[in-house]
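Please look over the chain below before reading on.

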Amino acid sequence: MVGACLLDARERRMMLPEQSADALGIDVPSLLAVEEGHRRIKPDALDTLADLYRYTGTKALRRLLAQHLDHAGVVRDQEPGHAERLAACVDSASGVRWQSTVVVPGPLQTPAYAQAVGEVPVPRPGAPRQPGGSAVYLVDERVIQRSSDDAALMAEQLEHLLRLVDHGTDIRVLPATCPVPQPAGHLVELHLPGGPVWSRPGPDRVDYCATHGFAETITNTLSGTDPGFSWEALSRAAAAHRALAPSPRRAPSPSGHPPTPADRPATSSARRTP
């Protein structure tokens, strides 16, 4: 997890591995081993890279570096920026399986939707997917059918999901007739270079777990989904919310009366007419 965050920070600074390795006085393979989670980094080396990258989450990375799994097999990240650190892990993973039973999966949320449901919006251009890797996002049908005080916001969120599907993101909808998967909330399986990690993100924290039992939970949920049904469910829900959304108000004409053809701007073809 710490290595994935350091890799994300280095790439955001657009720095080469050679620059970072030189700052630590190590070779590039050793640096890459740290970023991939195969080699543990020392606290002083962590501070050196954080200063080099102008990384603001050094305190959180130091805590993660010092923590060990508790009696329940959990490491908790509740420092500010926990959502961004999880996003860095998702970006580094060769495989992602994200199950959500209460809201839309985090990486697929629009900023407006994230704010409405009380989650931390993480700016990312679409759904993360490593070249040659795989990612699948599972959402309960009851989540996308749920009524909202802002039907337009929900319609925009679902239309965003449909656009992501059109561009190749694998989004599965679990039919409402199936039992609600447990545990409730987000459950994320990440295949990082250093090995698999499971996490349970929340509004104020992210718990990282070592138990393999969650893999079976996600596999069982995935077995109850179908890509064709998922597309239809998203389309139906988007149309239903859009139908409930208030129609956009038409701007008044300069005269204060309803717009007339004369008030409308000329088309591009009309403007080209001599």
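## Arginine 54 and the loop it sits in

Arginine 54 is exposed, with a relative accessible area of 65%. Here exposed means over 50% relative accessible area, buried means under 20%, and partly exposed is in between (1.4 Å probe, protein chains only). Arginine 54 belongs to the loop between α4 and α5. Its phi is near 55°, a positive value in a residue other than glycine. Most residues other than glycine have a negative phi, and most peptide bonds are trans.

## Model and overall make-up

This is a predicted model, in which local features need pLDDT of at least 70 and side-chain atom pairs count only at pLDDT 80 or more, while totals for chains, interfaces and linings use all residues. Residues are numbered from 1 along each chain as its sequence is written, and side-chain values use heavy atoms, with hydrogens and water left out.

The protein has 274 residues, and 45% of them are buried. Its secondary structure comes to 12 helices and 7 strands. Both are DSSP runs numbered from the N terminus: helices are H or I with at least four residues, strands are E with at least two. Take the contacts between residues at least 6 apart in sequence: 72% of them join residues at least 24 apart. Contact means heavy atoms within 4.5 Å.

## Helix α4 against α5

Two packed helices are described by the angle between their axes and the distance between the axes. For α4 (residues 43-53) and α5, the axes come within 11 Å and cross at roughly 155°. That makes α4 roughly antiparallel to α5. The axes are lines fitted to C-alpha atoms, for helices over the stretch in contact, and angles run from 0 to 180 degrees between N-to-C directions. Angles under 35 degrees count as roughly parallel, over 145 as roughly antiparallel, 65 to 115 as roughly perpendicular and the rest as oblique.

The crossing of α4 and α5 is right-handed. Right-handed means the near helix is turned clockwise from the far one by less than a right angle; left-handed means anticlockwise. From α4, Pro43, Leu46, Asp47 and Ala50 take part; they meet Thr58, Leu61, Arg62 and Leu65 in α5. By class, this contact has 5 nonpolar, 1 polar and 2 charged residues. Nonpolar covers Ala, Val, Leu, Ile, Met, Phe, Trp, Tyr, Cys and Pro; charged covers Asp, Glu, Lys and Arg; the others, Gly among them, are polar.

## Helix α1 against α4

The axes of α1 and α4 come within 9 Å and cross at roughly 25°. That makes α1 roughly parallel to α4. The crossing is left-handed. Val2, Leu6, Ala9 and Arg10 in α1 meet Leu46, Leu49 and Tyr53 in α4. The contact of α1 with α4 has 6 nonpolar, no polar and 1 charged residues.

## Two residues of α5

Alanine 60 lies in α5 (residues 58-66). At 4% relative accessibility, alanine 60 counts as buried. Leaving aside neighbours within four places in sequence, alanine 60 is in contact with Asp77, Glu79 and Arg85. Its C-alpha atom is 9.4 Å from that of valine 2, which is 58 residues away along the chain.

Arginine 63 is also found in α5. Arginine 63 is partly exposed, with a relative accessible area of 42%.

Helix α6 (residues 82-92) is largely enclosed by the rest of the structure, because 9 of its 11 residues are buried. Among them are Arg85, Leu86, Cys89 and Val90.

Serine 230 lies in helix α11 (residues 227-244). It is buried, with a relative accessible area of 0%. A polar atom of its side chain lies 2.8 Å from the backbone oxygen of aspartate 226. Beyond neighbours within four places in sequence, serine 230 is in contact with Ile171, Arg172 and Val173.

## Other backbone features

Methionine 14 lies in the loop between α1 (2-12) and α2 (17-24). Its phi is near 55°, a positive value in a residue other than glycine. At 74% relative accessibility, methionine 14 counts as exposed.

The peptide bond from glutamine 182 to proline 183 is cis, with omega near 0°. Proline 183 sits in the loop between β4 (170-174) and β5 (186-192).

Definitions and conventions: Polar contact = N/O pair within 3.5 Å; in protein donor to acceptor, adjacent residues only side chain to side chain.
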